[in-house]
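Thank you all for coming.

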Amino acid sequence: MTNEMLASLTGHTSWVCSVAFSPDGKLLASASNDGTIKFWDVSTYTLKATIADSPYYGIAFSPDGSLLASACLVKGNTFSQTIVLWDVATGRKVERFGNGDVGKAVAFSPDGQLVAFSTGGNSDHFKRAGILSVNNFSDPKLEFFEERSTNVVRTMAFSPDGKLLAIGTENTLVQLIDVATGEVKATGNVHRARVHGVAFSPDGSLLVSAGEDKTVALWDATTLALKKKFSPHKKSVTSIAFSPNGKLLATGSEDYTAKLWDASTLALKATYEHMEFVNSVAFSPDGKLLATGCDDKTAILWRVNS
């Protein structure tokens, strides 16, 4: 499999923490510690628009591509709104939630009606996680980690049917949350350090988790029975994603690489060399491109060929 770099997208002035493709594959969003989200034309590799607000940890497009959810960091010596919904077409701030929290992660439900969120500042007071309704953004629909929790949710993903939310935590846990009730349905604990990424396979049968302990775990997506654990990188695995057809698995790492794996055999298919840490990986909706967000202030587009 070739690992051709198509474009290095420059313009951020600090590390790129998250990248996400729009559902139609025409845009790539990159969120940075420099306080901006940039939207890039995937076909021409040109900058289309910039939102300047606060440093960011995570971003997620709504399934119809009209909204972008962002988890905000700290602006100066004050805290900005934690979770923000943006109108993609206009760049206008549509909704906001939280004040005094530090946003960690966001995820849209498959039907686009819910946004899962997590926060976690230096104080226990700001550690929360829950689910917001897009139509009632001021109050969480439910919270499964409340203020003064002893843990922080660092990553989250909805199952393809929208019934479960997978979370990865600061204290090494992977959990499945019932979206309707907030009940913890299953817990897995095989990582020896914080969990940086979780992703469901497109058919909903598998869950994968990426850890700071340099490992990736593959789980049964209903019971969290461990299927396999392997060490794909020499340093912390920062991010993980399934290809849209479920045949490939992408991982990003602090070892300056992103890698592609056969999702069935875990055979290495390609290695993408970078200049610094890889913080985020994302497949285009057609599976032909891989985007990476990096500590060297760039977002990079790579060709994925079988």
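By a polar contact I mean a pair of N or O atoms within 3.5 Å, where within protein one must be able to donate a hydrogen and the other to accept it, and where residues adjacent in sequence count only if both atoms are side-chain atoms. Please keep in mind that this is a predicted model, in which local features need pLDDT of at least 70 and side-chain atom pairs count only at pLDDT 80 or more, while totals for chains, interfaces and linings use all residues. Residues are numbered from 1 along each chain as its sequence is written, and side-chain values use heavy atoms, with hydrogens and water left out.

Let me begin with Ser 109, which sits in the loop between β12 (103–108) and β13 (114–119); strands here are DSSP runs of E, at least two residues, numbered from the N terminus. A polar atom of the Ser 109 side chain lies 3.4 Å from the backbone nitrogen of Gln 113. Ser 109 counts as buried, since its relative accessibility is 2%, buried meaning under 20% relative accessible area with a 1.4 Å probe, protein chains only.

Now to an open sheet of four strands, whose order is β16-β17-β18-β19 and whose pairing is antiparallel, two strands being paired if DSSP finds at least two bridges between them. β16 (153–158) and β19 (184–188) are the edges, and each has a single partner strand, so one side of each is left without a neighbour in the sheet. Within this sheet, five bridges link β17 (residues 164–169) with β18 (residues 174–178), and Gly 168 has Val 174 as its bridge partner in β18.

Definitions and conventions: Buried means under 20% relative accessible area, exposed over 50%, partly exposed in between (1.4 Å probe, protein chains only).
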